[in-house]
Amino acid sequence: MKSLNTQGARILATGSAVPELCVNNFKISEMVETSDDWIVTRTGIKERRVLTGINKSVVDLASLASIRALNKISMDPLEIDLIILATSSPNDLFGSASQVQAKIGANKAVAFDLTAACSGFVLGIVTGAQFIQNGSYKNILVIGADVLSKWTDWSDRSTCILFGDGAGAVIIQSCSIEKNGILGFQLNTDGEKSDQLSIPYRNKEKNQTISICKGEFDFIQMNGKEVYKFAVSKVPLSILTCLHSLCISPKDISWLLLHQANERILYAVAERLSIHSSKLISNLHKYGNTSAASIPLALDEALKNKRIKDNDLIVISGFGAGLTWGTVVIKWKC
Ligand code: COA
């Protein structure tokens with residue numbers, strides 16, 4: 001999608017946080033009938049982090065990731081104009097971003113949640129970039145954070161092997177149009193397939209006087225095979241459409257950073273784009289699918305490991321519940 005931008009936007013710093021408790025596949029195989037071999041072969045996941053502690057929530061992980069990003073560039077939290085918290089596991093249905101704002105002391109920032117499951121971080125970056133590129137704000141904190149362990153049925157082997165908890169944050173700052181690093185995006189939604197992956201709210205009882213149903217949220221429900229097919233067919237198309245709009249060829253990209261759902265999905269998408277697997281950024285063997293956190297968590301790690309260099313072209317794609325999927329292309333500026 002083309003727009004008339006007055007400002008450039010670039011990612012200035014990243015940070016991440018994961019819970020201490022590491023649950024490996026052997027531990028999971030004590031809980032459900034599965035094996036390390038089955039999980040690794042089908043998903044590439046070896047272990048995941050799980051948030052424990054009665055008072056701990058997504059806010060703690062999101063805040064820690066944010067503080068780490070701010071500390072990297074010695075930025076005062078008061079300089080943040082806007083906080084976008086991409087999460088599907090808030091600790092308050094009215095939103096958790098304001099709690100993050102208070103916890104990190106970003107008292108001048110507007111803060112809101114963005115719910116788009118595993119595509120949340122891509123949508124967060126695109127949303128944040130709009131506020132910068134149209135000249136409204138200067139510094140924006142975009143966080144992807146989820147604690148899906150709280151919404152996982154730990155007796156369902158078809159889902160509990162996949163998910164983990166974590167948070168990643170980026171600070172986007174305005175810059176001259178020549179230094180713009182957020183080049184373009186392509187976003188999609190298919191609500192007809194929302195039942196393929198969801199945490200549905202189920203009505204239980206009815207108030208007879210005024211016909212109000214009361215209920216509760218269920219655990220994660222997923223049609224694994226359909227979600228797999230959706231990802232490997234739609235994500236390459238989204239990437240190609242986005243690259244085409246920017247006149248960039250897949251062979252010119254430096255890194256392919258996909259939502260870390262399943263190693264087989266990552267390889268299949270790369271293959272369909274004829275992108276060599278050495279260009280894939282992947283850390284899901286350590287964290288599993290951390291939903292909105294997976295992309296910024298992997299980005300932060302790749303930067304820590306000094307894999308990403310100045311002017312590298314990074315294609316980032318998220319996909320998941322909604323169904324939602326989308327791509328943002330970034331030129332890395334050090
Ligand atoms: N351990 C051992 N066996 C398992 C198992 C587990 N954890 N989970 C399922 N099985 C069994 C099934 O019961 C089935 O047995 P059957 O043949 O006797 O009926 C068999 O393994 C195959 O199950 P199936 O569901 O067809 O496996 P699959 O190859 O599709 O792999 C997923 C399952 C979930 C790994 C895969 O579908 C997937 O990754 N989908 C995408 C999910 C995803 O990424 N979601 C998030 C997107 S954001």
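**Salt bridges and cores in a predicted model**

Author: Happy to go through this predicted model with you.

Reader: What separates Lys27 and Glu30 along helix α1?

Author: They are 3 residues apart in helix α1 (residues 25–31), which means about one helical turn.

Reader: How do you know whether Lys27 is buried, partly exposed or exposed, and what about Glu30?

Author: Buried is under 20% relative accessible area and exposed is over 50%, with partly exposed in between. Lys27 has 43%, so Lys27 is partly exposed. Glu30 reaches 60%, and therefore counts as exposed.

Reader: What makes Glu301 and Lys286 a salt bridge?

Author: Their closest N and O atoms are 2.9 Å apart, and the limit is 4 Å, so they meet the criterion. This pair links distant parts of the chain, with Glu301 in helix α10 (residues 294–304) and Lys286 in helix α9 (residues 284–287), 15 residues apart. Glu301, at 19%, is buried because the cut-off is under 20%. Lys286, at 26%, is partly exposed.

Reader: Which helix holds both Asp300 and Lys304, and why is Asp300 called buried or exposed?

Author: Both lie in helix α10, 4 residues apart, about one turn of the helix. Asp300 has 0% relative accessibility, so Asp300 is buried, whereas Lys304 at 53% is exposed. Salt bridges that share partners join Lys72, Asp300 and Lys304 into one network.

Reader: Turning to the nonpolar side, which residues touch the most other members of the largest core?

Author: Ile239, Leu256, Leu258 and Phe319 do, in a core of 43 residues. Helix α7 (224–245) is among the elements that give two or more residues, and α7 provides the largest share, 8 residues.

Reader: How do you know where this core lies relative to domain 1 and domain 2?

Author: Domain 1 (2–179) and domain 2 (182–191 + 221–331) both give residues to the core, so it lies between them. Leu258 touches residues including Val235, Ile239 and Leu266. A second, separate core of 31 residues includes Ile125, Ile132, Phe185 and Trp332.

Note on methods
Residues numbered from 1 in each chain as written. Predicted model: local features only at pLDDT ≥ 70, side-chain atom pairs only at ≥ 80, totals over all residues. Heavy atoms only, no water. Buried < 20%, exposed > 50% of the residue type's maximum accessible area, 1.4 Å probe, protein only. Salt bridge = Lys/Arg side-chain N within 4 Å of Asp/Glu carboxyl O. Core = buried A, V, L, I, M, F, W, Y, C linked by side-chain atoms within 4.5 Å. Domains from an automatic or database assignment. Contact = heavy atoms within 4.5 Å. Lists of a residue's contacts leave out its neighbours within four places in sequence.
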